[in-house]
Amino acid sequence: VLADLGEEQSGIIQLYDERREKIVNALSLIETDMESAFTDHQFVPYFQPKYNINTNSIIGAEALVRWKHPVHGLIPPMDFLPYLENSGIINLDFYMLEESCKFMRKHKDATGDWITLSSNFSTKHFVHDNFCSRVIAIADRYQIPHEYIELEVTETMSMADTDIVKTLFRQLYENKFLISIDDFGSGYSSLGILESFDIDILKLDRSFMQTNMQTKNINMIRGITEIAANNGMKMICEGVETKEQVEILKSTKCHVVQGYYYSKPLSESDFILLLMKK
Ligand code: C2E
Ligand code: CA
Ligand code: CA
C-alpha cells in the first residue's frame, strides 16, 4: 500500500510540475510574442460550420481563434486565452470579429450570398460602454448587414443582475446584431437570463451530448428547445459527434447543430472548399 501511495503521489507531483511548466512557458511566450502576434497576423480564425440536420445544409459558421506561432506551430485557444490580460482578450475578440467580417465580405463578393458568422466575446468587454459602437464600426467598415453578425457570449455570475449588460444587449438588439448564449446549461447559466435579456439564440452546452443519450437528457433538450421556441429564440446543439445524436435531435425541435460529426473547425481555405461543394 505504501509503495502504491508513493508512486501515486509522485505521479501527482509530476503532473503538477508539468502543468506548472506549461503555465510558466505559456506566460513567457505571451509576454514576448503577443505584440508581434497581432502585427504579424499570427492569430487566425478557423471556421466550424453549423448545419441544419434536416436539409444537411450549412447555415453559418463560428470563428474560433488559433495562434499560428512561428516556432510553436498552431496553438489552440485554451493554451493561451486564459493567460491574456483583459486588454489582450478585448483586442483579440475585436480582431476576430474583423477577420469574420473580412471573410463575409469576400464570400459575398465572390458568390453573391451572405453567410452568417459568429465570433466569441468575453464578458470582460461589458464594463466598457463603447462596446456596441466598436462592433458597429467594424461591421460598417466591411459593409456587412448586422443581421449576419452573431455574437456568442457565455453567461457568468457577474451578468446575472447587471443593468449594464441588459442595456448593452438591448443596444445590440436594436442594431440588429444576433446575440447567442454560449455553453447554455453549464456553469452559471440560469433561466433568469432568458427573461431579462434580449437573446436570439441558445447554444446548448456540449455536455448535453453524451455517447449514450439517456431519456432524462433527451427530455431536457426537448424542454429547453420548447422554452426557447416559446420565447422567440432559436436553439443550436454543440458537440454533436455521432449519428445517434443526430437522429435523437431530429425527434426534438432542435434542428441546428455544430460538431465533429459534421465538421471540425476548418482553416479558411478548407472552409471555402467546403462551401463550394455545397
Ligand atoms: P466554444 O466557444 O464553446 O467553442 C467550441 C469548442 O468546442 C471549440 O474548441 C471546438 O473546436 C470544440 N468542438 C466543436 N465541435 C466539437 C465536438 O463535436 N466535440 C468536442 N469534444 N469538441 C468540439 P476550441 O476551438 O478549442 O475553442 C475553445 C474555446 O476557446 C471556445 O469554446 C471559446 O470559449 C474560446 N474561444 C475560441 N476563440 C475565441 C475568441 O476569438 N474569443 C474568445 N473570447 N474566446 C474564444
Ligand atoms: Ca462559442
Ligand atoms: Ca460553446
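A: A hairpin joins strand 2 to strand 3 through three residues. Strands and helices here are DSSP runs numbered from the N terminus, with at least two residues (E) for a strand and at least four (H or I) for a helix. The model is predicted, so local features need pLDDT of at least 70 and side-chain atom pairs pLDDT 80 or more, while totals for chains, interfaces and linings use all residues. Residues are numbered from 1 along each chain as its sequence is written, chains are lettered from A and ligands numbered from 1 in the order written, and side-chain values use heavy atoms, without hydrogens or water.

Strand 2 is the place to start. Strand 3 (residues 73–75) pairs with strand 2 in the antiparallel sense over three bridges; two strands count as paired if DSSP finds at least two bridges between them. W67 has I75 in strand 3 as its bridge partner. Strand 1 also pairs with strand 2 in the antiparallel sense, over 10 bridges, and P45 has V65 in strand 2 as its bridge partner. These two strands form a hairpin with four residues between them. N56 lies in that loop, between strand 1 (43–52) and strand 2. Its phi is positive, about 60°, although N56 is not a glycine. Most residues other than glycine have a negative phi. N56 is exposed, with a relative accessible area of 52%; exposed means over 50%, buried under 20% and partly exposed in between (1.4 Å probe, protein chains only).

Strand 2 itself is largely enclosed by the rest of the structure, because 10 of its 13 residues are buried. Two bridges join strand 2 (residues 57–69) to strand 4, and the two run parallel. A61 has L117 in strand 4 as its bridge partner, and E62 stands opposite S118. Strand 4 (residues 117–121) is likewise largely enclosed, because four of its five residues are buried.

From strand 4 the contacts continue to strand 5 (residues 149–154), which runs parallel to strand 4 and is joined to it by five bridges. Here N120 stands opposite E152. Strand 4, helix 3 (residues 131–141) and strand 5 make a right-handed β-α-β unit, right-handed meaning that, with the strands pointing away from the viewer, the path from the first strand over the helix to the second runs clockwise. Q143 lies in the loop between helix 3 and strand 5. Its phi is near 50°, again positive in a residue other than glycine, and at 59% relative accessibility Q143 counts as exposed.

The calcium ion (ligand 2) is coordinated by E62 (OE), N120 (OD1), E152 (OE) and D182 (OD), at 2.2 to 2.3 Å. Donors are N, O and S atoms within 2.8 Å of the metal (3.2 Å for Na, K and Ca), and sites may look incomplete since water is not among the atoms. Along the chain these donors follow the spacing E-x57-N-x31-E-x29-D. The pair E152 in strand 5 and D182 in strand 6 (residues 178–184) links distant parts of the chain, 30 residues apart. E152 is buried, at 1% relative accessible area, and D182 is buried at 7%.

The protein donors of ligand 3 are D182 (OD), D183 (OD), E238 (OE) and E238 (OE), lying 2.2 to 2.7 Å from the ion, and the donor residues are spaced D-D-x54-E. D183 is partly exposed, with a relative accessible area of 24%.

Of the 22 residues around ligand 1, R66, D93, R206, E241 and Y260 come nearest; a residue counts as near if one of its heavy atoms lies within 4 Å. A side-chain N or O atom of R66 is 2.8 Å from an oxygen atom of ligand 1, and a backbone N or O atom of V65 lies 3.1 Å from a nitrogen atom of ligand 1. D93 places a polar side-chain atom 2.6 Å from a nitrogen atom of ligand 1. The protein covers 84% of the 800 Å² of accessible area that ligand 1 has on its own, by the Shrake-Rupley method with a 1.4 Å probe.

D93 leads back toward strand 4. The side chain of H125 makes a polar contact with the side chain of D93 (2.8 Å); such a contact is a pair of N or O atoms within 3.5 Å, where within protein one must be able to donate a hydrogen and the other to accept it, and residues adjacent in sequence count only if both atoms are side-chain atoms. H125 sits in the loop between strand 4 and helix 3 and is buried, at 2% relative accessibility.
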